[in-house]
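Subject: Structure for your review

Dear colleague,

Please find below the sequence and structure that I would like to hand over to you.

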Amino acid sequence: MADQTIASRIMSKPLPQILDEIDDSIRLADAAAKTARDAAAAAQLAGEKAAGEAARVAAEHIAKVQAIADEALALAKQIRAALQESSSSLQDKLASTPAKK
């Protein structure tokens, strides 16, 4: 019965009307595809912009961390030098002090 309904509906429309409907469907599908392509291009552009911004922010933070690390290394070197100097001074004082009996 369903086959008869489809067949009778197709047979009830004139061919030019069917072709117009097909043409309209093709135009709508083409417009939808263009919209999808435009949306994809916009999404790609937004993604590239976001990636660039993320890279810029990451580079800024890396530079800040590098500066802090350089300062910490300089301080560690100063502490090491001070400890070596004080250790050497202490050893000299201990060596020059006569041993008590």
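The following paragraphs set out what was found.

This is a predicted model, in which local features need pLDDT of at least 70 and side-chain atom pairs count only at pLDDT 80 or more, while totals for chains, interfaces and linings use all residues. Residues are numbered from 1 along each chain as its sequence is written, and side-chain values use heavy atoms, with hydrogens and water left out.

The protein has 2 helices and 0 strands (DSSP runs of H or I with at least four residues, and of E with at least two, numbered from the N terminus). Of its 101 residues, 0% count as buried (under 20% relative accessible area; exposed means over 50%, partly exposed in between, with a 1.4 Å probe and protein chains only).

The structure holds 6 salt bridges (a side-chain nitrogen of Lys or Arg within 4 Å of a carboxyl oxygen of Asp or Glu). One of them joins Glu-21 to Lys-13, with the closest N and O atoms 3.0 Å apart. Glu-21 is partly exposed at 34% relative accessible area, and Lys-13 is partly exposed at 30%.

Another links Arg-27 with Asp-23 at 2.3 Å between the closest N and O atoms. Both residues lie in helix α2, 4 residues apart, about one turn of the helix. Asp-23 and Arg-27 also belong to a salt-bridge network with Asp-24.

Glu-53 and Arg-56 form a salt bridge as well (2.4 Å, N to O). Each of the two is partly exposed, Glu-53 at 39% and Arg-56 at 39%.

Yours sincerely
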